[in-house]
Amino acid sequence: MPLTAKAPIPPRVCAPNPGAKWVDGLNAHNDYQNRRPLKSALSNGATSVEVDLAFDPSGRLMVTHEAIGDPEGREFRATYVKPLIDRAKKNGGQIYPGQNGKFQLFVEVKSKNGVKQRKEAYEKIVKAVKDLPDSVEVVLPVSLIVGFPGQNPVENPPPHITFSQGFTACTSTAERGCENGERCKVPDQLDPVTPKDPHLTAYAEHVTVLNGSFSDCVSSNGSLTEDEKRKYQELVDRAHAAGLKVRLYEGPDGSKRGLSSGKFFQCAIVACNNDQRHDWWNLQIAAGADYLVTNHLGTGADWLTHCGSPKKK
């Protein structure tokens with residue numbers, strides 16, 4: 001069963017645009033941990049947010065990083081879906097008036113009870129987001145690993161639901177995409193020139209984003225060598241050639257956010273080294289990457305709208 005070829009994605013070219021109403025590529029990492037979930041993201045022009053969900057004891061989907069419940073009592077639809085619907089109604093169907101692309105909700109389920117509860121949660125997510133406007137896209141993670149079909153819980157997704165997939169770890173330079181010592185590669189199931197498993201083709205058709213960890217795919221210690229920068233550029237180029245966007249999380253991002261208060265506190269100097277953050281953010285811009293994943297929405301927005309900044313923030 002052939003995989004329908006996706007159109008290659010041209011690399012993002014940053015054009016300074018201070019004062020923009022929205023900031024292409026600004027992704028609110030663990031947005032629900034902000035003091036004003038969604039509102040802070042929208043006020044800073046973010047075009048995508050990340051939301052983790054789990055069941056509370058009564059079976060409601062709550063926004064939380066924990067596998068059970070949510071101390072803040074934030075229900076998914078009330079916190080994210082309904083406000084986006086209301087905003088779009090006020091803006092002629094768009095989240096940001098005049099925005100060309102779609103606003104994205106990256107949603108993941110935290111569950112201690114395995115595949116069965118995950119499938120149940122995803123069925124509830126599909127139901128909860130069914131009346132979102134066309135200007136909003138929901139991105140759900142799937143696994144394209146042969147032998148684990150239960151990890152792919154959404155059959156025949158509606159048009160406004162797409163999938164993200166993890167990168168494949170490189171284990172040998174003999175593998176395609178790993179020839180130059182890369183740490184990660186585009187999964188074979190999504191690589192246009194590799195054989196496909198027919199059982200996973202239906203899911204692969206709907207994958208739009210490759211989602212991975214900075215430490216797994218770029219650098220284990222935060223420092224970026226010229227060789228690491230080159231390999232990351234090649235990874236982004238390969239993904240774009242396959243018609244896939246790239247989203248890497250847990251890169252150097254400065255101070256950390258308190259889990260319940262939404263405030264920031266200073267973390268260890270190695271993890272918070274501003275020079276590492278500047279290098280990483282500048283590399284994202286230079287590589288034409290699709291998402292700048294950050295806890296610091298104001299700083300991230302300023303960085304992207306100025307295409308980098310010499311200021312130490």
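Predicted model: local features only at pLDDT ≥ 70, side-chain atom pairs only at ≥ 80, totals over all residues.
Strand 6 is mostly covered, with five of its six residues buried.

Which strands pair with strand 6? On one side of the account is strand 5, residues 136-141, which runs parallel to strand 6 and is joined to it by four bridges. Within strand 6, S164 stands opposite P141. Strand 9, residues 207-213, also runs parallel to strand 6, and four bridges join these two strands. Here G166 has N211 of strand 9 as its bridge partner. As a general point, side chains in a regular strand alternate between the two faces of the sheet.

Let me turn to the aromatic rings. The structure holds six aromatic pairs. One of them is formed by F163 and Y203: the centres are 5.8 Å apart, the planes are at 35°, and the pair is tilted. This pair links distant parts of the chain, since F163 belongs to strand 6, residues 161-166, while Y203 belongs to helix 4, residues 201-204, 40 residues apart. Are these two residues buried or exposed? F163 has 0% relative accessibility, so it counts as buried. Y203 has a relative accessible area of 8% and is therefore buried, the cut-off being under 20%.

A second example is the pair of W281 and W303. Why is this pair called edge-to-face? The ring centres lie 5.6 Å apart and the planes stand at 75°, and an angle over 60 degrees counts as edge-to-face. W281 lies in helix 7, residues 274-287, and W303 lies in helix 8, residues 297-305, so the pair ties together parts that are 22 residues apart in sequence. W281 counts as buried because its relative accessibility is 1%, and W303 is buried at 0%. W281 has a further neighbour to mention: R277 lies over the face of its ring, at 5.3 Å from the ring centre.

Elsewhere, the charged end of R87 sits over the ring of Y96, 5.1 Å from the ring centre. Ring pairs also link F214, Y232 and W280 into a cluster.

I now come to helix 2. Does its length agree or disagree with what its residue count leads us to expect? Helix 2 covers residues 76-90, which makes 15 residues; at 1.5 Å a residue the helix should span 21 Å, and because its end C-alpha atoms are 21 Å apart, the two values agree. At the start of the helix, a side-chain oxygen of E75 comes within 3.2 Å of the backbone nitrogen of R77. The buried residues of helix 2 include F76, Y80, L84 and A88. In general, an α-helix has 3.6 residues a turn, so residues three or four places apart point the same way. Just after helix 2, G92 takes a positive phi of about 65°.

Finally, two residues other than glycine have a positive phi. N30 has a phi near 45° and lies in the loop between strand 1 and helix 1. E250 has a phi near 65° and is found in the loop between strand 10 and strand 11.

Technical notes
Residues numbered from 1 in each chain as written. Heavy atoms only, no water. Phe/Tyr/Trp six-rings, centres within 6.5 Å; stacked < 30°, edge-to-face > 60°. Buried < 20%, exposed > 50% of the residue type's maximum accessible area, 1.4 Å probe, protein only. Lys NZ or Arg CZ within 6 Å of the ring centre and 35° of its normal. Pairing = 2+ DSSP bridges. Expected span 1.5 Å × (residues − 1). Polar contact = N/O pair within 3.5 Å; in protein donor to acceptor, adjacent residues only side chain to side chain.
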